[in-house]
Amino acid sequence: MEIIAISNQKGGVGKTTSVSAISEILSKSGKKVVMIDLDPQANLSKGLGIEKPEYTIQGVLFDEYGIEEAVEAINDNLLLIPCTKALANFEIEMLNEIGREYILKNKIKALEGQCDYVILDSPPSLGLLTINALSAAESVYVPIHAQKYSLDGLHEVLETIDKVKEFINPGLKFKGAYFNQYDQRKLLTRALTEEVKEMVGEEMLLNTFIRVNVALQEAPTLGKSILEYAPESNGAVDFKNLTDEIISR
Ligand SMILES: Nc1ncnc2c1ncn2[C@@H]1O[C@H](COP(=O)(O)OP(=O)(O)O)[C@@H](O)[C@H]1O
Ligand SMILES: [Mg+2]
């Protein structure tokens, strides 16, 4: 079982879109995948048609029931542990809890042997939920929105990953950053590519660029995954390539 976090404290960079697409593609290749929605905005859950779940990740984190009980089947190999906005209470209520950085990590242990991948969606902040994700994960990938100001955020998330490695989870591996909503017609994006390579190291910028693709936007508004909604779209093709890269890292 491999635990992967998709993180960036900037909102709107494509974390949730990535978690949904990558997880579905892995599941279609025969892997059993559990997605966990760790953003109180619950975009991942809602985008897959789970609006008012009875069992949620916050229920698990607050020790109300076991993690297996909160697993919801999206299809045969694809599972989701959803959340609702009440997950936001976690940050406040656990503020003084000893070991608060390890709560998710300890809960996920019960999934060992039951799936091939656990993929964690992160909220747009570097608060306790993101720290819990990075503490539980073995690898982390960082999507970057291909526009100028997204690079300030990149610096911060890299710093947080380093700190988590130093103090909380020495086994965490930064496995790469990748561009999302990439428009190769724009000159700016080429300069950005160079800047990112300088920041993360040449080999840490993944080769796949996720293009701007409207199907990626439409699918979740219909409660559908990208392969279900538009299997031949650029979005589906790009995420297949990205997933291949992730598998081979
Ligand atoms: N490659 C893309 N092409 C077009 N729209 C995209 C793409 N990636 C993400 N989006 C859209 O951009 C918005 C933000 O993406 P999202 O995955 O929710 O970001 P985050 O989880 O980082 O906040 C959503 O409306 C999503 O549908
Ligand atoms: Mg999101």
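Me: Contact means heavy atoms within 4.5 Å. Which residues does Val157 touch, not counting those up to four places away in sequence?
Reply: Val157 touches Ser7, Asn8, Gln9 and Val142. This is a predicted model, in which local features need pLDDT of at least 70 and side-chain atom pairs count only at pLDDT 80 or more, while totals for chains, interfaces and linings use all residues. Residues are numbered from 1 along each chain as its sequence is written, chains are lettered from A and ligands numbered from 1 in the order in which they are written, and side-chain values use heavy atoms, with hydrogens and water left out.

Me: Why is Val157 called buried?
Reply: Its relative accessible area is 1%. Buried means under 20%, exposed over 50%, and partly exposed in between, with a 1.4 Å probe and protein chains only. Val157 therefore counts as buried. The residue lies in helix α7, residues 150-167; helices are DSSP runs of H or I with at least four residues, strands are runs of E with at least two, and both are numbered from the N terminus.

Me: What makes Leu95 exposed?
Reply: Leu95 has 53% relative accessibility, so it counts as exposed. Leu95 sits in the loop between α4 (89-93) and α5 (103-108).

Me: How do you know that Thr56 is buried?
Reply: The relative accessibility of Thr56 is 5%, so this residue falls in the buried class. Thr56 belongs to the loop between α2 (43-47) and α3 (57-61). Leaving aside neighbours within four places in sequence, Thr56 is in contact with Tyr65, Ala70, Ile81, Pro82, Cys83 and Thr84.

Me: Which phi value does Ala42 have, and what stands out about it in a residue other than glycine?
Reply: Phi of Ala42 is near 55 degrees, a positive value. Ala42 is in the loop between β2 (33-37) and α2, and at 4% relative accessibility Ala42 counts as buried. Gln181 also has phi near 55 degrees and is not glycine. Gln181 is placed in the loop between β7 and α8; with 30% relative accessibility, Gln181 counts as partly exposed.

Me: What makes Phe179 and Tyr182 an aromatic pair, and why is the pair called tilted?
Reply: Rings of Phe, Tyr and Trp (its six-membered ring) pair if their centres lie within 6.5 Å; planes under 30 degrees apart count as stacked, over 60 as edge-to-face and the rest as tilted. By this rule there are 5 aromatic pairs. One of them is Phe179 with Tyr182, at 5.6 Å centre to centre and 50 degrees between the planes, and this pair is tilted. Phe179 is buried at a relative accessible area of 1%, and Tyr182 is buried at 10%.

Me: Why is the pair of Phe179 and Phe209 called stacked?
Reply: The ring centres of Phe179 and Phe209 are 5.7 Å apart and the planes are at 5 degrees, so the pair is stacked. The pair links distant parts of the chain, 30 residues apart: Phe179 is in strand β7 (residues 173-180), and Phe209 is in the loop between α8 (187-200) and α9 (214-221). Phe209 has 25% relative accessibility and counts as partly exposed. Ring pairs link Phe179, Tyr182 and Phe209 into a cluster.

Me: How do you know that the radius of gyration agrees with a compact globule?
Reply: The radius is taken over C-alpha atoms, and the globule rule is 2.2 Å times the number of residues to the power 0.38. For 249 residues a compact globule would have a value near 18 Å; the protein has 17 Å, which agrees. Along the principal axes, the C-alpha atoms fill a box of roughly 50 × 40 × 30 Å.

Me: What does the secondary structure of the protein come to?
Reply: The protein has 11 helices and 7 strands. Buried residues make up 53% of its 249 residues. Of the contacts with a separation of 6 or more, 78% are between residues 24 or more positions apart.
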